[in-house]
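Work through these exercises with the sequence and model open. Each task is followed by its solution in steps.

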Amino acid sequence: MEMCFYHTCFKKGASSDPANYRPTSLTSIACKFLETCVKDTLLRYLLQHKLISPHQRGFLSRRSTTTQLLECCLDWNVALNAYNTYLDFAKAFDSIVHTKLIAKLACFGINDELLNWICNFLSNRTHDVNIGNSCSPVSTSS
């Protein structure tokens with residue numbers, strides 16, 4: 001039987017409000033090992049078939065979301081030099097829509113067995129945050 005544990009990461013606002021925390025999954029070593037094997041194999045496939053854009057950031061070596069933000073800001077600064085523009089990146093990298101991820105992987109030729117495994121891994125997930133006697137509303141993954 002697989003056991004999952006969670007801890008939380010503070011986002012913003014009042015620290016006494018559970019809704020201001022993001023749950024982080026702490027899974028068993030076996031689960032983490034399997035996740036790593038799948039991720040490494042999938043990433044190797046995507047790179048070998050040149051299916052990852054050179055503009056992709058966030059999970060590739062030497063391509064962080066910070067460098068992406070710097071590149072975007074530079075591009076926008078050049079393109080929008082004459083305008084006062086304000087952008088909010090607070091939730092830009094918080095989540096991914098799982099159905100879009102699965103559809104994209106299917107288009108990339110990922111086999112049905114792996115797609116089904118990923119779908120099952122991502123489906124029916126719920127999370128909440130408990131702090132003392134307070135509990136946030138239960139959320140579901142997209």
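**Exercise 1.** Among contacts in the protein chain between residues at least 6 apart in sequence, what percentage join residues at least 24 apart?

Solution. The share is 35%. Contact here means heavy atoms within 4.5 Å. The model is predicted: local features need pLDDT of at least 70, side-chain atom pairs count only at pLDDT 80 or more, and totals for chains, interfaces and linings use all residues. Residues are numbered from 1 along each chain as its sequence is written, and side-chain values use heavy atoms, with hydrogens and water left out.

**Exercise 2.** State the secondary structure of the protein chain and its order along the sequence.

Solution. Start with the elements: four helices and six strands. Helices (H or I, at least four residues) and strands (E, at least two) are DSSP runs, numbered from the N terminus. Then read along the sequence: β-β-α-α-α-α-β-β-β-β.

**Exercise 3.** Describe how helix α1 packs on helix α4.

Solution. Two packed helices are described by the angle between their axes and the distance between the axes.

- Step 1. α1 (residues 29-48) and α4 (residues 112-122) pack at about 135 degrees, with axes 13 Å apart. Axes are lines fitted to C-alpha atoms, for helices over the stretch in contact; angles run from 0 to 180 degrees between N-to-C directions.
- Step 2. That angle makes α1 oblique to α4. Angles under 35 degrees count as roughly parallel, over 145 as roughly antiparallel, 65 to 115 as roughly perpendicular, and the rest as oblique.
- Step 3. Cys31, Leu34, Glu35, Val38 and Leu42 of α1 meet Leu114, Trp117, Ile118 and Phe121 of α4.
- Step 4. Sort the residues of this contact: eight nonpolar, no polar and one charged. Ala, Val, Leu, Ile, Met, Phe, Trp, Tyr, Cys and Pro count as nonpolar, Asp, Glu, Lys and Arg as charged, and the others, Gly among them, as polar.

**Exercise 4.** Are Cys31 and Lys50 buried or exposed?

Solution. Apply the cut-offs: buried is under 20% relative accessible area, exposed over 50%, partly exposed in between (1.4 Å probe, protein chains only). Cys31 is at 15%, so it is buried. Lys50 is at 71%, so it is exposed.
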